[in-house]
Amino acid sequence: MTSPDPALLSINTATLRRQWTLPQIVQGLARHGIRGISPWRDQVASAGLAHSARCIREAGLSVSGYCRGGMFPALDAGGRAQARDDNRRAVDEALAIAARCLVLVVGGLPKDAQGRPASRDLAGARAMVRDGLADLIEYAKPAGMPLAIEPLHPMYAADRACVNTLAQALDLCDALAPDDAHSLGVAVDVYHVWWDPALEAGIARAGAGGRLFAYHICDWLVPTTDLLNDRGMMGDGVVDLARIRGWMDAAGYRGQHEVEIFSERWWKTDPDVVLATCKSRHASAS
Ligand code: ZN
């Protein structure tokens, strides 16, 4: 398999969140000749939305996604209304930074005020996700901001996302936005879906429907010592990244390859070394 086009490399700003502010990340990407970025809301908020948008625009970066909206389920109508309002603000911010899509981590079981799961009704949570998505499309579609559902590994079903496979995400797309591939699609994150025996079929289905909005890469380490913050650099784990990229290519995906690594190890590394490694591993191991 040939190496991917280096121009497709994008960096999710969570990868450098402990070392650099958003403007510093933008400068770092320019130094390393990296052309894409995907910012997180808290990092944008810290730098200011207008300032962030200007830095990104002046650096000529393309924005592979904006992280993130979602978290739809809540215990009561007030909580769900809060989620709705926050998601609408996320759409506005995504527009301001010219993101290709707003990435949605849909949320898990409703939580109490202390953030603990307050329900065992997983089907109910999934219904709230569906309703929340239906409502958000009504806002995002006329604004022209595509929404990308990111299925998360089932280990997060309780606390982060009760949409856990590509097939489940695509069923939501087909139900909520039939015959409309622009407003609702999926973000394929290898960390979450690499294990799925139906992954190749899911990518092909998403591509055929025009719903492949984003592609996130990292690696799965063995052993994985933390469920959230022990993602691997491409090439350090067991994911056959070249094969999955081949499936994305075959399905017609022409977008960026976004490196998203939450890692106590890489957060302790010189950020210039992190970026240089992302570049070289993108070429050699993805
Ligand atoms: Zn992701």
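The buried residues of α9 pack against β7 (184-189), α7 (190-193), α8, β8 (212-217), β9 (257-259) and α11 (271-285). Contact here means heavy atoms within 4.5 Å. Buried means under 20% relative accessible area, exposed over 50%, and partly exposed in between, with a 1.4 Å probe and protein chains only. Helix α9 spans residues 241-250, and its buried residues are Leu241, Ile244, Arg245, Gly246 and Met248. Just after α9, Gly252 takes a positive phi of about 95°.

The model is predicted: local features need pLDDT of at least 70, side-chain atom pairs count only at pLDDT 80 or more, and totals for chains, interfaces and linings use all residues. Residues are numbered from 1 along each chain as its sequence is written, and side-chain values use heavy atoms, with hydrogens and water left out.

The secondary structure of the chain comprises 11 helices and nine strands. Helices (H or I, at least four residues) and strands (E, at least two) are DSSP runs, numbered from the N terminus. Along the principal axes, the C-alpha atoms fill a box of roughly 45 × 40 × 40 Å. Of the 286 residues, 53% count as buried. Among contacts between residues at least 6 apart in sequence, 78% join residues at least 24 apart.

Helix α6 (residues 166-176) packs with helix α8 (residues 199-208) at an angle of about 25°. Their axes lie 9 Å apart. Axes are lines fitted to C-alpha atoms, for helices over the stretch in contact, and angles run from 0 to 180 degrees between N-to-C directions. The two helices are therefore roughly parallel to each other, a term for angles under 35 degrees. In the contact, Leu166, Ala167, Leu170, Asp171 and Asp174 of α6 meet Leu199, Gly202, Ile203, Arg205 and Ala206 of α8. These residues divide into six nonpolar, one polar and three charged. Ala, Val, Leu, Ile, Met, Phe, Trp, Tyr, Cys and Pro count as nonpolar, Asp, Glu, Lys and Arg as charged, and the others, Gly among them, as polar.

Met71 lies in the loop between β4 (66-70) and α4 (77-96). At 28% relative accessibility, Met71 counts as partly exposed. Not counting residues up to four places away in sequence, Met71 touches Ala83, Val105, Val106, Gly107 and Arg160. Arg31 is 40 residues from Met71 along the chain, and their C-alpha atoms are separated by 35 Å.

Note on methods: Parallel < 35°, antiparallel > 145°, perpendicular 65-115°, else oblique.
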